[in-house]
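I opened my notebook to see how the inside of this protein is packed. Come and look along with me.

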Amino acid sequence: MGSIANIGADQWLAAASYRRTVYQLKGTSSASDERVREIIEKVLSFAPSSYNTQPVRITLVTGPKHKQLWDSIITAAQPVLKSISEDVWNAMSPRFEGFKGAYGSVVFWESQNTIKESGETHKSAAHMFPEFSDHANGMHQILVWTALELEGLGANLQHLNAIPPVEAAIKKFLAVPDDYKLKAHLNYGDEVAEHPEQPQKLSFSETLKVVS
């Protein structure tokens, strides 16, 4: 089989390796809301999931709604983090404000009903479907994230399900079904500074074994 649109593996890997975590974001987006939606729809149309169960759900939040979402997140997170210590809240509060200052959010969910139905259909693998769903969600996240950065945007991936009241606040604000489980939250916007360099990685002698 030939390559699609003359794109080789090296080009594809170069695109994937360009993705970085970018924390300093503007409240603007050089990519239109329609373009970001198109990217998400394309990813949803082809990204794989085990048994093609498709447990991934995505909510796109843009402009003022993104900032209102972060207001609800901050309101829910503050008492929890302050109960740990004022130092924890003082450390996290500026980061939350930075996330709020971005232009938009791509919120990744897992449909619990889909996982349950998949387990009933494929009983021998039922115990594996939560793990399979994590695999699928991660692939959707990295594809959307990479595509947004190739459009000239910066992005950072957060895991706000670490604070249960925050997940509840996000679900309420976005009015998603009760069975949705929050998996990750990608903030995006135009970059403030130069695109970050790739960090150092472990040597292949530690991370790769070839058996032949």
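**Ground rules.** I am working with a predicted model, where local features need pLDDT of at least 70, side-chain atom pairs count only at pLDDT 80 or more, and totals for chains, interfaces and linings use all residues. Residues are numbered from 1 along each chain as its sequence is written, and side-chain values use heavy atoms, with hydrogens and water left out.

**Entry 1: the cores.** I looked up nonpolar cores, meaning sets of buried Ala, Val, Leu, Ile, Met, Phe, Trp, Tyr and Cys residues joined through side-chain atoms within 4.5 Å. Buried stands for under 20% relative accessible area, exposed for over 50%, and partly exposed for what lies in between (1.4 Å probe, protein chains only). The largest core holds 22 residues, and F96, W109, V166, I170 and L174 have the most contacts inside it. Two or more residues each come from helix 3 (64-84), helix 4 (86-100), strand 2 (104-111), helix 7 (164-174) and strand 4 (180-190). Helix 3 gives the most, with seven residues. These elements are DSSP runs numbered from the N terminus: helices are H or I with at least four residues, strands E with at least two. I also noted a second, separate core of 18 residues, which includes V36, Y103, L153 and L157. In soluble globular proteins, nonpolar side chains tend to be buried together.

**Entry 2: two residues up close.** Which residues does V166 contact, leaving aside its neighbours within four places in sequence? I found I73, A76, A77 and L160 (contact means heavy atoms within 4.5 Å). I73 is buried, with a relative accessible area of 0%. With neighbours within four places in sequence left aside, I73 is in contact with L160, V166, I170 and H185.

**Entry 3: a helix pair.** The axes of helix 2 (residues 33-46) and helix 6 (residues 129-150) come within 10 Å and cross at roughly 145°. Such axes are lines fitted to C-alpha atoms, for helices over the stretch in contact, with angles from 0 to 180 degrees between N-to-C directions. Helix 2 brings V36, I39, I40, V43, L44 and F46 to the contact, and helix 6 brings H140, L143, V144, A147 and L148.

**Entry 4: aromatic rings.** Rings of Phe, Tyr and Trp (its six-membered ring) pair if their centres lie within 6.5 Å; planes under 30 degrees apart are stacked, over 60 edge-to-face, and the rest tilted. I counted nine aromatic pairs by this rule. Why is the pair of Y23 and F99 tilted? Their ring centres are 6.3 Å apart and their planes stand at 40°, so the pair is tilted. Y23 sits in the loop between helix 1 (9-18) and helix 2, and F99 in helix 4, 76 residues apart. Y23 is partly exposed at 44% relative accessible area, whereas F99 is buried at 3%. The rings of W109 and Y180 have centres 6.0 Å apart and planes at 45°, so this pair is tilted. W109 lies in strand 2 and Y180 in strand 4, so the pair ties together parts 71 residues apart in sequence. Both W109 and Y180 are buried.

**Entry 5: one cluster.** Y23, W70, W89, F96 and F99 form one aromatic cluster. W89 lies in helix 4 and is buried, with a relative accessible area of 8%.
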